[in-house]
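Please look over the sequence and the model, then read on.

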Amino acid sequence: DWGALRQSNRLLVDQASTTDLRQLSLPALDAHWAITEFGRCPPFSRACASFLDWQQEESLLRQKFIKGRTAQVWKNYEQRAWGFDELQPKSGKGIDNWGSL
């Protein structure tokens, strides 16, 4: 239905003033579409009263993930390569090659 498509495009243009749609990833565009057009949460999302709520939830999840991975890498470096320049990924041993110089 062309009328519904024109109306949804008009809504996207109106919302583009608050959310720059050109800078969103494809999953974010899908979430934006699901929340604004259909009023439903994207898969695996708990906060979707608005697109801003979804973005905040995604940001917090991303921060937790990065913090956890950084802590894991640091722990491995402390245990296996403390005092060395690098940690070899396969052997898990520390080496002193100072940037291969």
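## Contacts along the chain

In this predicted model, 13% of the contacts in the protein with a separation of 6 or more are between residues 24 or more positions apart.

## Helices and strands

The protein contains 3 helices and 2 strands.

## Burial and surface

The protein has 101 residues, and 19% of them are buried. Its accessible surface is about 8300 Å². Carbon and sulfur atoms account for 57% of that surface.

## Aromatic pairs

Across the whole structure there are 4 aromatic pairs. One of them joins Trp 74 and Tyr 77, with 5.7 Å from centre to centre and 40° between the planes.

Where do Trp 74 and Tyr 77 sit in the fold? Both belong to helix α3, which spans residues 51-81. They are 3 residues apart there, so about one helical turn separates them.

Trp 74 has a relative accessible area of 44% and is partly exposed. Tyr 77 is also partly exposed, at 21% relative accessibility; the limit for a buried residue is under 20%.

## The ring cluster

Which residues do ring pairs link into a cluster with Trp 74? The cluster consists of Trp 74, Tyr 77 and Trp 82.

Notes
Residues are numbered from 1 along each chain as its sequence is written. This is a predicted model: local features need pLDDT of at least 70, side-chain atom pairs count only at pLDDT 80 or more; totals for chains, interfaces and linings use all residues. Side-chain values use heavy atoms; hydrogens and water are left out. Helices (H or I, at least four residues) and strands (E, at least two) are DSSP runs, numbered from the N terminus. Buried means under 20% relative accessible area, exposed over 50%, partly exposed in between (1.4 Å probe, protein chains only). Contact means heavy atoms within 4.5 Å. Accessible areas come from the Shrake-Rupley method with a 1.4 Å probe; for residues, only the protein chains shown count as cover. Rings of Phe, Tyr and Trp (its six-membered ring) pair if their centres lie within 6.5 Å; planes under 30 degrees apart count as stacked, over 60 as edge-to-face and the rest as tilted.
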